[in-house]
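Please look through the structure shown here while reading the paragraphs that follow.

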Amino acid sequence: MENSLFSKPRDLFLDVVNAKDYVQIDSVSHMYQSLKNSVQKPLKMILLFGKPGTGKSMLLHKLHHDLSKHQKVLMFDIPIVDEDDFLRVLAQRIFGHSPREVMTLTRFLEIAEAVSYPEVPIVLLDEAQLYSSSLMEKIRLISDARAIKFVITLHKTDKEDVIAKEHFQTRIWESIELQNATAEELKVYIQKKLLKANCFDVANMFNDKNMKLITALTKGNYRETNKLLFSLFTLYCWYEENHSALIKYNALKSKWIEMAAIHTGLIRA
Amino acid sequence: MLDIHKLERRWFKYKVKSYAPYIIGLFVFFLVLIVITPKMKDSDKTEQIVSSENQKSSDAKMANKESSNILEPSMEFLQSFQTSTPLTVTPAAIIPKSVQSPRESIPVPKVLNVPDSSTLKIPASSPSLSSDKTISLNRNDSKLDIDSIERRFKETSNSNLGLFIARYHYDHGNYSDAYNFALKTNSINNKIDESWIIFSKSLVKLGRVEQAKKTLQLYISESNSDAARSLLESIEQGTFK
């Protein structure tokens, strides 16, 4: 089964956020360039927001991967919700200072002032909606003091929009919204990902009809697409081993796409 | 590991569910179609029968007309009929005074032997008798139908019915009956061209040409009817057959 034509494509779509897996799509590339330009500007806070699965985390990882070569960048992909821990980790990893005493905001700002970098260090906060209001207020004060530049990501839901307004209305200097992919974008995403791994035959199996169905099922959500394709290629592996005659190599079977969608919960059956 | 067979079963259920509204819609559509089509065929059949029967003869048309007239019977004439004995009295006695002028000088016609419709014996073998369910439009050709119309005429004294019966008898060569019913019709309504013409034609057929001419002349002088004039000319020229 591991030698199957579909086992490699299946593994490609494991839902893991890795900067190396970043696939360049026109719209996302444009967003990424905007983000990079914003980071270069003397802005205090940059907000990256969008619905779940629109690629915010991936973009943040990609930014971290690219920026860390030239400047001090710290990535918090798992939020540290305790304020003391948060400030302590920041002080240690950005400024190389590990105070034994309780870390207050004043103490942190003193440490930050003592250490000078040619460029303001950047901290990337994923899933910022999980931080408390009090901690967000401290983050705002740190960015106001120009000790650290923050790039934060938020889910775009009604509640989180309110959070964004309350905390960052006057603080956010730039905000970038990520959208769900269209059928064409999703096709480019899938095919680029497959071609990158030299899965040419499988990449050619995706026709427009297949993509319409996949987009309709996943609503252009990259995470859901990854999950769906992982299940789909698992199905293909099974059929290749048990009923290889059923496989058509010029197109994906709509039935199997739907079966994969049932398995991943995209279709309730 | 995926349980493919279970997944296939779930997929099948999903497809059935997703197509169910369309299948139900189609089923309902065909059901409606099945219910409606025979009804439409029935109504078409009825229409066809009606149209074919209407075209069969002008008699049938007249009959339909008469049947509609039944709804508004002339009670006045019923009274005049009930008080008179039409088969034995002279027409002069029947004709109301107001309509006397064209008729006063017309030779007094005698009512010929018209068998009373009520006393008519209807042959048992008559196909129309065999079933009461025979549709009304088929009755026009049967003896029973003309009898029933005569009965209705007797009951209602409707001039249209009288004209229809006179025309029927004339067409069937029963000139004495045609004469009698035309006479009765004239006594009810003396302004029906066709009734006077049938009356005159019947007279000619019965060999009473002079009486027919005289009747027509008087009617023409009264009504200035072109049809009557034309008939008179044809009788005088001997071209009437």
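In this predicted model, the side chains of Asp66(A) and His65(A) are joined by a polar contact of 3.2 Å. Asp66(A) belongs to helix α3 of chain A, which covers residues 56–67. Is Asp66(A) buried or exposed? Its relative accessible area is 13%, and because buried means under 20%, Asp66(A) counts as buried. Beyond its neighbours within four places in sequence, Asp66(A) is in contact with Tyr32(A) and Lys36(A).

The chain around this residue can be described in a few numbers. Chain A has 12 helices and 5 strands. Of its 269 residues, 50% are buried. Among the contacts in chain A with a separation of 6 or more, 75% are between residues 24 or more positions apart.

Salt bridges are the next topic. Side chains of opposite charge can pair when their charged atoms come close. Over all chains, the count by the rule used here is 14 salt bridges. One of them joins Asp84(A) and Arg88(A), with the closest N and O atoms 3.5 Å apart. Both residues lie in helix α4 of chain A, residues 83–95. They are 4 residues apart, which is about one turn of the helix. Asp84(A) has a relative accessibility of 23% and counts as partly exposed. Arg88(A), at 24%, also counts as partly exposed.

Another salt bridge in chain A is formed by Lys187(A) and Asp208(A), whose closest N and O atoms are 2.9 Å apart. This pair links distant parts of the chain. Lys187(A) is in helix α8 (residues 183–196) of chain A, and Asp208(A) is in helix α10 (residues 208–218) of chain A, 21 residues apart. How accessible is Asp208(A), and what does it count as? Its relative accessibility is 54%, and because exposed means over 50%, Asp208(A) counts as exposed. Chain A also holds a network of salt bridges that links Glu137(A), Arg140(A) and Asp144(A).

Chain B has a salt bridge between Glu210(B) and Lys213(B), with the closest N and O atoms 3.5 Å apart. The two residues share helix α11 of chain B, residues 209–223. They are 3 residues apart, about one turn of the helix. Glu210(B) is exposed, with a relative accessible area of 56%, whereas Lys213(B) is buried, with a relative accessible area of 18%.

Leu183(B) is in helix α9 of chain B, which covers residues 175–188. With a relative accessible area of 6%, Leu183(B) is buried. Leu163(B) is 20 residues away from Leu183(B) along the chain, and the C-alpha atoms of the two are 9.3 Å apart.

The two chains also meet each other. Which numbers of residues are in contact between chain A and chain B? From chain A there are 13 residues, and from chain B there are 10. The size of an interface is often given as the accessible area lost when the parts come together. Between chain A and chain B the buried area is about 1,300 Å², and carbon and sulfur atoms give 73% of it. There are 2 salt bridges between the two chains. One salt bridge joins the side chains of Glu258(A) and Lys15(B), at 3.3 Å from N to O. On the side of chain A that touches chain B, the elements that give two or more residues are α11 (222–242) and α12 (254–264) of chain A. The residues on that side divide into 8 nonpolar, 3 polar and 2 charged.

A last topic is the confidence of the prediction. Chain B has a mean pLDDT of 73, and 58% of its residues reach 70 or more. Where is pLDDT under 50 in chain B? One such part is residues 84–105 of chain B, for which the model has 30 contacts beyond four places in sequence. Residues 116–131 of chain B also stay under 50, and for them the model has 16 contacts beyond four places in sequence. Where pLDDT is low, the predicted coordinates should not be read in detail.

Conventions. Residues are numbered from 1 along each chain as its sequence is written. Chains are lettered from A and ligands numbered from 1 in the order in which they are written. This is a predicted model: local features need pLDDT of at least 70, side-chain atom pairs count only at pLDDT 80 or more; totals for chains, interfaces and linings use all residues. Side-chain values use heavy atoms; hydrogens and water are left out. Contact means heavy atoms within 4.5 Å. Buried area is the accessible area (1.4 Å probe) that two parts lose on being put together, summed over both. A salt bridge is a side-chain nitrogen of Lys or Arg within 4 Å of a carboxyl oxygen of Asp or Glu. Ala, Val, Leu, Ile, Met, Phe, Trp, Tyr, Cys and Pro count as nonpolar, Asp, Glu, Lys and Arg as charged, and the others, Gly among them, as polar. pLDDT is the predictor's confidence in each residue, from 0 to 100. Buried means under 20% relative accessible area, exposed over 50%, partly exposed in between (1.4 Å probe, protein chains only). A polar contact is a pair of N or O atoms within 3.5 Å; within protein, one must be able to donate a hydrogen and the other to accept it, and residues adjacent in sequence count only if both atoms are side-chain atoms.
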